[in-house]
Amino acid sequence: MRVLGIETSCDETGLAVYDSEQGLLSHALFSQIDVHAEYGGVVPELASRDHLRKLLPLIRQVMADAQTTKDQIDAIAYTSGPGLVGALMVGASVGRALAYGWGVPALGIHHMEGHLLAPMLEDRPPAFPFVALLVSGGHTQLVQVNGLGEYTLLGESLDDAAGEAFDKAAKMLDLDYPGGPQVAKLAERGSPGRFTFPRPMVDRPGLDFSFSGLKTYTLNTVADHAGADGLPDEQTCADIAHAFQEAVVSTLTIKCRRALEQTGLKTLVIAGGVSANTRLREELEHSLEKIGASVFYARHEFCTDNGAMIAYAGCRRLLAGQSEPLAVTVRARWSLDSLPPVGTDGAASGRP
Ligand code: KG4
Ligand code: ZN
């Protein structure tokens with residue numbers, strides 16, 4: 001089965017062609033960073049308009065790169081939520097319209113399910129069951145994954161997502177959007193031990209997270225060391241970035257280990273933009289080795305938003321027999337654990 005995947009949930013237009021026999025045949029991504037950079041964050045209306053501009057040329061490009069004609073496409077998978085409604089509508093309506101015109105089924109995919117399955121595109125894929133840490137700009141969740149669509153939420157952030165915290169810390173340090181990679185880069189030059197930031201909620205039982213206190217702590221540290229231009233000197237900024245990143249990484253690591261111990265599982269999958277963070281990967285590898293568990297993640301470009309993960313998730317669901325009515329459905333909010341396992345009656349639509 002060959003599937004065209006379309007991702008337009010936020011500020012990246014991602015396309016891919018995935019084949020169940022041959023694997024990933026092509027993928028392309030257009031990042032809108034330049035469109036939004038001057039506003040310091042994503043402007044939803046501009047995002048929708050840019051998806052509209054880029055979608056058809058990128059579809060042509062991935063089809064050509066995969067040496068695939070429309071007759072060889074068996075289905076179309078598009079991100080149906082959660083995300084920005086206008087942006088989602090662009091991918092959903094183009095996906096549905098193309099599928100209708102080409103006489104093939106289309107399937108709306110949960111964006112976070114796409115992230116969660118992305119490590120399966122790698123040469124050393126994880127096997128079910130596992131614990132997944134989903135860490136993106138909008139989500140920080142620990143999920144027990146027993147199979148495709150068999151998701152139980154173990155814990156989540158009560159306030160900011162980890163990626164959002166990175167983005168806000170970046171703003172405080174006057175770094176460009178998106179902030180995660182910039183904070184990580186600056187942190188490399190930081191001196192370990194100059195600052196120690198709090199590890200939120202690690203002393204409490206349970207698997208929930210909270211990053212808003214850490215955000216305030218960062219803001220106060222920046223203010224305490226600010227010079228005339230409102231910013232600390234360069235080295236202090238790097239030291240703050242370092243302390244902030246260490247606090248997020250060790251908080252996530254402690255909770256991942258706790259989730260594995262609680263569930264008795266030995267496999268951790270990390271997915272979403274923050275899973276590209278090198279310190280997080282290192283720390284998890286180091287910590288999980290001690291309990292005989294291992295961590296799996298996608299290559300860097302498939303940690304952040306991309307079309308390959310949507311094509312792959314669509315292919316798995318279609319092969320498992322899922323189908324959907326013709327309506328174009330998108331949703332800004334959509335809980336992952338409301339997805340039914342595939343192969344059951346409810347899986348016909350994937351909707352509650
Ligand atoms: O998954 P993603 O591309 O989009 C959402 O679904 O939200 O995640 C984007 C988030 C942003 O907050 C970005 O700052 C963060 O992932 N991010 C990182 C890194 N790369 C991306 N955070 C920390 N370290 C990174 N290397
Ligand atoms: Zn995402």
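This is a predicted model: local features need pLDDT of at least 70, side-chain atom pairs count only at pLDDT 80 or more; totals for chains, interfaces and linings use all residues.
Local features need pLDDT of at least 70 and side-chain atom pairs count only at pLDDT 80 or more, while totals for chains, interfaces and linings use all residues; side-chain values use heavy atoms, with hydrogens and water left out. Residues are numbered from 1 along each chain as its sequence is written, and chains are lettered from A and ligands numbered from 1 in the order in which they are written.

Strand S1 spans residues 2–7, and six of its six residues are buried. Buried means under 20% relative accessible area, exposed over 50%, and partly exposed in between (1.4 Å probe, protein chains only). Strands (E, at least two residues) and helices (H or I, at least four) are DSSP runs, numbered from the N terminus. In a regular strand the side chains alternate between the two faces of the sheet. In S1, Arg2, Leu4 and Ile6 lie on one side and Val3, Gly5 and Glu7 on the other, and both faces are covered. Two strands pair if DSSP finds at least two bridges between them. S1 pairs with strand S2 (residues 12–19) in the antiparallel sense over six bridges, with Gly5 opposite Ala16, and a hairpin of four residues joins S1 to S2. The pairing of S1 with strand S4 (residues 75–81) is parallel and has four bridges; Leu4 has Ile76 as its bridge partner there.

His111, in helix H4 (residues 111–117), and Asp305, in the loop between strand S10 (294–296) and helix H10 (308–319), are 194 residues apart. Both His111 and Asp305 are buried.

The whole structure contains 15 salt bridges, each a side-chain nitrogen of Lys or Arg within 4 Å of a carboxyl oxygen of Asp or Glu. Arg96 and Glu324 form one at 2.8 Å, N to O. Arg96 is in helix H3 (residues 85–102) and Glu324 in the segment after H10, 228 residues apart. Arg96 is buried because its relative accessibility is 7%, and Glu324 is buried at 15%. A salt bridge also joins Glu282 and Arg279, with the closest N and O atoms 2.9 Å apart. Both lie in helix H9 (residues 278–289), three residues apart, about one turn of the helix. Glu282 is partly exposed at 40%, as is Arg279 at 24%.
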